[in-house]
Amino acid sequence: MSTDMVRWTVSVSRETDIAVRGFLAQHGMKKGDLSRFIEEAVRWHVFDRTMAEARSGFADMEPDALEDLIGEAVTATLATDKSS
């Protein structure tokens, strides 16, 4: 986690609060771990949404064309990696 932190003020339902705090306690985490838990959850959610958007952008592409595009991207990435 970055050392450059900002403070958030969030509101959640009582049920969510109880569920999260119970989960943290069951896993040996303390009150201070709530921030890390929230940050990880938010990162995963943003990643999941980003992937869903990316997938939807290729939904109408033929599977073979998509495989070719992925192959080209991998090849270009490996070539860039070797030249660095």
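E39 and R43 stand four residues apart in helix α2, which means that about one helical turn separates them, and their side chains meet in a salt bridge with 3.0 Å from N to O. A salt bridge here is a side-chain nitrogen of Lys or Arg within 4 Å of a carboxyl oxygen of Asp or Glu, and helices are DSSP runs of H or I with at least four residues, while strands are runs of E with at least two, both numbered from the N terminus. Of the two partners, E39 is partly exposed, with a relative accessible area of 23%, whereas R43 counts as exposed at 55%.

The model is a predicted one, in which local features need pLDDT of at least 70 and side-chain atom pairs count only at pLDDT 80 or more, while totals for chains, interfaces and linings use all residues. Residues are numbered from 1 along each chain as its sequence is written, and side-chain values use heavy atoms, with hydrogens and water left out.

By the salt-bridge rule the count comes to three. Helix α2 holds another of these pairs, D33 and R36, whose closest N and O atoms are 2.1 Å apart; these residues are three apart in the helix and so are separated by about one helical turn. D33 is buried, with a relative accessible area of 16%, while R36 is partly exposed at 44%. In helix α1, which covers residues 14-26, D17 and R21 are four residues apart, again about one helical turn, and their side chains form a salt bridge of 2.6 Å, N to O. Here D17 is partly exposed at 25% relative accessible area, and R21 is partly exposed at 37%. Side chains of opposite charge can pair when their charged atoms come close.

Seen as a whole, the chain has three helices and zero strands, running α-α-α from the N terminus on. Along the principal axes, the C-alpha atoms fill a box of roughly 50 × 35 × 25 Å, and buried residues make up 5% of the 84 residues.

The accessible surface comes to about 7800 Å², of which 58% belongs to carbon and sulfur atoms; such areas come from the Shrake-Rupley method with a 1.4 Å probe, and for residues only the protein chains shown count as cover. Patches on this surface are made of residues with over 30% relative accessible area and no salt bridge, where like charges are joined within 9 Å and nonpolar side chains (Val, Leu, Ile, Met, Phe, Trp, Tyr) within 5 Å. V6, W8, V10, V12, I38, V42 and V46 make a nonpolar patch of about 670 Å²; among them, I38 lies in helix α2, residues 33-57, and is partly exposed at 31%.

A patch of negative charge gathers E62, D64, E67, D68 and E72, of which E67 is found in helix α3, residues 63-83, and is exposed at 54% relative accessible area.

Technical notes:
Buried means under 20% relative accessible area, exposed over 50%, partly exposed in between (1.4 Å probe, protein chains only). Lys and Arg count as positive and Asp and Glu as negative; His and the chain ends are not counted. The place of a charge is taken as NZ of Lys, CZ of Arg, CG of Asp or CD of Glu.
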